[in-house]
Amino acid sequence: EHHHLHLSSCHECLQLENSTIESVKFASAENIPELSDDCNSKLEEKNDDCLARGVKRVNLAGKPPNILIYLGSETSKVEFEQVKSILQECIDADSYTIYQLHEEQVLKAPWIDNSLLLIIATEEPISEENHKQFLKFLSKGGKILGFSSSFTFDGIQIKRKNKLKKTVHELTVSKMDSTEIKLNLLVSGCIFEEAMKEGTSKVKTLSRLNNADKDTVIVHLTYGDSGGEAVLSQAHLELDINSIDVQTEEDFNLLKISNTKRYEILKDILISLGLSCELSEIPPLTPIYLLSSDEEIHLAFLKWLEGNVDAEGLRASSKVSLKFVSSCDSKMEITPSLMPVITEMGSFSSEHFNLKTYQQNLQTKKLGKILLFSEVTTTTMNLLDG
């Protein structure tokens, strides 16, 4: 239960640490229902939106918002970056963290409980052990998106059609709202066929080629009782048209015309798998307030400040300079490298922080008596540097 969220070979930890910590705060499955109850009964309406964003960020399954891309034994950074950049253009990038799941990590790393979506983007055969791991992920409520991969399960099989390989075809896709879209995409040369099974099928056809055989190229499947599901595609939704080797200029033009629709379909699939594709607005920066639970200490700190700022109240450091001012001015400039600090407490109010409650719960002699409070800042690491 105490695994790290990131994978053992991740090199992005420093940049991602802040977002991961924030994800962990929200990531306990037990906390989600508790938050929802509070939301209904105690919290004021203005706080509901904030809370809803927190719950949406994690998703109802309570899984950390990590997305993994599996490329088989292919370790090319280029391929990973291609798929990652397409994804980032579709999802709310501030809500999810994207990693590569390397071949050697599939059976060892604790990714199953720590990921929301697995993308399989390799045509290589999937080993039996890896296949079991992927099904285990689905059984725990995970989501899988297959891009021209050999991964299948539960009554769906792949049939190779060599005449289709690397050709551009028109296909019809059914969206979540039951409307249909026609577009041209590069297809892998494989199609899906449903194996005859007794009982009700869990396979839903999302797209067929507009050819004589009406070949199935995108399917939706459910798995287990915990909400596990997969969308598997043998049409290349993930490839940027500039990275595709097409045979003719006509094919290139067909793909170019369909590019906007390709993004529309990809977003629709990601939303159907429970991801948020609404871009979150970045809130404007707010000033910092110097707060204290003890007036004597507050005055002593201000006196100390006098000898530690320049004539204009500026305390410079390598990344963020703090400008100490007595009161809030609406024309005050707030930038990532220059933050005003308001020293008079009279003008302070915040729906996110109650100083009185803080004071009542503070039981130290000195620690925590002086606070720097800001509702929106870039990163506290820069703020405290120096």
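What follows is a set of questions, each answered by setting a value against its definition.

Me: What kind of model is this, and how are residues numbered?

Reply: This is a predicted model: local features need pLDDT of at least 70, side-chain atom pairs count only at pLDDT 80 or more, and totals for chains, interfaces and linings use all residues. Residues are numbered from 1 along each chain as its sequence is written, and side-chain values use heavy atoms, with hydrogens and water left out.

Me: How many helices and strands are there in the protein chain?

Reply: The protein chain has 10 helices and 16 strands. Helices (H or I, at least four residues) and strands (E, at least two) are DSSP runs, numbered from the N terminus.

Me: Why is serine 148 called buried?

Reply: Buried means under 20% relative accessible area, exposed over 50%, and partly exposed in between (1.4 Å probe, protein chains only). Serine 148 has 3% relative accessibility, so it counts as buried. It lies in the loop between E4 and E5. Across the protein chain, buried residues make up 44% of the 386 residues.

Me: What is noted about the phi of serine 148?

Reply: Its phi is near 50 degrees, a positive value in a residue other than glycine. Most residues other than glycine have a negative phi.

Me: Is serine 150 buried, exposed or partly exposed, and what does it touch?

Reply: Its relative accessible area is 29%, so serine 150 is partly exposed. This serine is also in the loop between E4 and strand E5 (156-160). Contact means heavy atoms within 4.5 Å. Leaving aside neighbours within four places in sequence, serine 150 is in contact with Thr122, Glu123, Glu124, Pro125, Ile126 and Ile158. Serine 150 and threonine 122 are 28 residues apart in sequence and 7.6 Å apart in space, C-alpha to C-alpha.

Me: What makes lysine 214 partly exposed?

Reply: Lysine 214 has 43% relative accessibility, so it counts as partly exposed. It is found in the loop between strand E9 (203-209) and E10.

Me: How do you know that the span of helix H4 agrees with its number of residues?

Reply: The expected span is 1.5 Å times one less than the number of residues. Helix H4 (residues 77-88) has 12 residues, so it should span 16 Å; its end C-alpha atoms are 16 Å apart, which agrees.

Me: Why are the buried residues of H4 said to line one face?

Reply: They are Phe80, Val83, Lys84, Ile86 and Leu87. Seen down the axis of H4, they fall within an arc of 160 degrees, so they line one face of the helix. The arc is that of the directions from the helix axis to the C-beta atoms. Their cover includes strand E1 (66-70), strand E2 (97-101), strand E3 (117-120), strand E4 (143-147) and helix H7 (259-272).

Me: What makes a nonpolar core, and how many residues has the largest?

Reply: A nonpolar core is a set of buried Ala, Val, Leu, Ile, Met, Phe, Trp, Tyr and Cys residues joined through side-chain atoms within 4.5 Å. The largest has 40 residues; Ile67, Ile119, Leu145, Leu171, Leu270 and Leu275 have the most contacts inside it. H7 gives the largest share of this core, five residues. Apart from it lies another core, of 25 residues, among them Val106, Ile126, Ile144 and Val219.

Me: How do you know that strand E6 and E7 pair?

Reply: Two strands pair if DSSP finds at least two bridges between them. Strand E6 (residues 167-174) and E7 are antiparallel over eight bridges. Threonine 172 stands opposite lysine 182 in E7. E6 and E7 form a hairpin with five residues between them; serine 178 in the turn has a positive phi of about 70 degrees.

Me: Why is strand E7 called mostly covered?

Reply: In strand E7 (residues 180-187), six of its eight residues are buried.

Me: Which strands stand at the edges of the five-stranded sheet, and why?

Reply: This open sheet has the order E13-E14-E15-E12-E16, with mixed pairing. Strand E13 (314-315) and strand E16 (370-373) each have a single partner strand, so one side of each is left without a neighbour in the sheet. Strand E12 (residues 288-292) and strand E15 (residues 338-342) run parallel, joined by two bridges. Tyrosine 289 stands opposite isoleucine 342 in E15.
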